[in-house]
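Dear colleague,

Here is the structure I promised to hand over to you. Please look it through first, and then read my notes below.

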Protein chains: 2
Amino acid sequence: MSLLVVGSVAFDAIETPFGKVDRTLGGAASYFALAASHFVPVRMVAIVGEDFSDKDRAVFKGRKIDLSGLEHAAGKSFFWSGRYSQNMNERTTLATELNVFADFKPTLPDTYLDTKNVFLGNIQPDLQKSVLHQLDGKPRIVGLDTMNYWIEGSNAQLRETLKYVDILTINDDETRQLTGEHNLIRASRHVFKLGPKILIIKRGEHGALMVHPKFIFSVPAFPLEEVHDPTGAGDTFAGGFMGYLAKAGNMNEQSLRRAMVYGSVLASFTVEKFGVARLAKVTRREIEERARKFAKLTAFKL
Amino acid sequence: MSLLVVGSVAFDAIETPFGKVDRTLGGAASYFALAASHFVPVRMVAIVGEDFSDKDRAVFKGRKIDLSGLEHAAGKSFFWSGRYSQNMNERTTLATELNVFADFKPTLPDTYLDTKNVFLGNIQPDLQKSVLHQLDGKPRIVGLDTMNYWIEGSNAQLRETLKYVDILTINDDETRQLTGEHNLIRASRHVFKLGPKILIIKRGEHGALMVHPKFIFSVPAFPLEEVHDPTGAGDTFAGGFMGYLAKAGNMNEQSLRRAMVYGSVLASFTVEKFGVARLAKVTRREIEERARKFAKLTAFKL
C-alpha cells in the first residue's frame, strides 16, 4: 500500500505578518510526503542540489519516507521566495529559481516500480505521464495536481495525462481555467470527461470541496487562532488525503469523505508554523484529536 | 413566538452575468421576512414610498408576515442599483438613493410591543436601539446586522447598541473592522466583550461560521449549478437562522446548529433567481429536502 509522490523539494524564503524565514525546507513533495507518511509508506521522486544537506534529509528521518528516488544533482536546489499580504489571502512571488529542477526528468528506482498509489505533483504534464509509464502495471489510484502555468502553456499534454488520472486536486481558479466554465459543479462534469472520476477543489482558508459523479462533500478549513504561514497547506492536504485513501485501499464514498477530513486536518497543522516545522512534528494522536474536532465543527442533526 | 425585523424594503436594479432587472422588490427586511416566515410569524418594521404598490405588497401575502409596521411615506422608496462581476465574487454599487429611508424613524405598532424575538437589520445603530426600547420588557433573542458604514461612522452608537444584542451577524471584513483583529477566532472574543454571546460570520459562497464561547460550527453554502443573483443571500440567511431559532424557542447548541443549516438552506434558494423571485415561491417541502442534502454534503464518520 505504498504511495509514490513526484514533485518539488525546494528551499523557501517566506515572509508573513508573523515573521520571516530566509531558508526553510519546502516544495510540494516535502509537504505531501510528511503528511501522507502518517498513513502509508511514501516513496519520493524529486531532485535536489548540492545545498541539500544531511540536516535537511533528517526532516524526513524516522518517517516512512523512502528517499531512494531523490536525485542529487550538481548545482542548487529549487528556490522559491514569497511574501504574504497582511490578511494572508494574497501572496506575491518574489523569486523562483528552478536551478536543478529545470532539468528534472523523474526516474523511478526499481524498488518503486510496483507502487499502486501515485500522486503526480505539480510538474510538467509530460513528466507526470512519464512516471506512470515507468511503473509495472496500472496503478490503483492516481491523483494529480497542476497549476495555471501548465493549463495555459501545456494544455494538450495536460489533457493527455489527465486520461490516466482518477483524482484531480486543483483550486477554484484552476478549475475554471481548465474547463472554461465558471460554475464549479458544471465545471466538474467537464473534468469527468477529461478522465478524472473525482474533482477536489482546494479553497485555502475556506476548506475543500469534493465533486464525485454520485455525491458532493464539503469540508471546512479548521478555524485556528494562529495561522503563521499558509505555504504548503494545499500540498499537505493532498498528502493527507492520498495517504488516507491509499491506506483505506479503496475509493468508496466513506473512505473518500474521511480522506477529505484527514487532508484538512493535516493542512491545519502545517499553517500553524513556518514551513514544515509543525507538520514534521505532529503526532498521530494530535491528528486523531483534531479529526474529532472537525466532526464537532460540522455536525448537526435535523 | 413572533419575530420582529426592522430594516430596509427597497427596489433594486440588478445586473449579473445571467441577466438584468430594472426594478425588483428587495431590501434586507424583505428577504429576511420571506425566509423567517417559514418558521414563525414575522412582524415587519420598515418604510416605503408611494411607488410601493399592491403588487409589491402581494409578494408578502399568504405568508405569516404582519405589515402593520410598514410605514408609507410621501416620496419614493429606497432604491439600490448594482452590478456583479463575471465571477459574481465582486459587486459594484451603481446607485444608492435613500429617498424615504433617509428619514426613517422606526415606530412599532402597539400590536408588536410584546415581541420576544427581534432582528435589528442594517440601519443606523441608534435606530436599532430605539426599536428595543419601544418593546414591552426585554426580548428573549436579539440579533443584529450592521456594515462598514456604521462601524466606521457610528462606532460609539454601535457599541452602545451591541450591549443589548445576543447574536451578531456580519461578514469577515466587518468582523475585522469592528474588532481590529485579523484572526476571526480571536476577533470573536472581542465581540463577546461588546455584548453578543454569539458571532455569526457570513462568508457568501463559502457559507457561514458560528463562534460561540463553547463551540464553533461551520456550514457551507450549498453548491448550486445555477447561481443567478447573490443579492439578499446574507439577509435570507439571517431570516432563516432567526426564524428557526425563534421557533425552537431556545439558544441551545443543537438549535443553533440547526438554525445555521436552515439559514444556509434558505439562502441557497434566494440566489437561484433574481431578487426575491425564488425565495417567495419556495415551499416548506423543498426547504426540508434541501436541508437533508446539506446533511449529506457535510456528513462523515471517523
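Through which surface do the copies meet, and why can that be said? Of the interface residues of chain B, 100% are also interface residues in chain A, so the copies meet through the same surface. Please keep in mind that this is a predicted model, in which local features need pLDDT of at least 70, side-chain atom pairs count only at pLDDT 80 or more, and totals for chains, interfaces and linings use all residues. Residues are numbered from 1 along each chain as its sequence is written, chains are lettered from A and ligands numbered from 1 in the order in which they are written, and side-chain values use heavy atoms, with hydrogens and water left out.

To begin with one chain, chain A has ten helices and 13 strands, where helices (H or I, at least four residues) and strands (E, at least two) are DSSP runs numbered from the N terminus. Along its principal axes, the C-alpha trace of chain A spans about 60 × 45 × 35 Å.

As for the pair, a rotation of 180 degrees with 0.0 Å of shift along its axis superposes chain B on chain A, with an RMSD of 0.0 Å; that is the relation of a two-fold axis. The superposition is by least squares on the C-alpha atoms of residues with pLDDT of at least 70 in both copies.

Turning to the interface, 36 residues of chain B are in contact (heavy atoms within 4.5 Å) with 36 residues of chain A. The two chains bury about 3200 Å² between them, 53% of it on carbon and sulfur atoms, and buried area here is the accessible area (1.4 Å probe) that two parts lose on being put together, summed over both. Of the area that chain B buries against chain A, B:Glu225, B:Phe300 and B:Leu302 supply 21%, more than any other three residues.

Finally, A:His206 lies in the loop between strand 11 (198-202) and strand 12 (208-212) of chain A. Not counting residues up to four places away in sequence, A:His206 touches A:Val219, A:Pro220 and A:Ala221, as well as B:Arg203 and B:His206 of the other chain.
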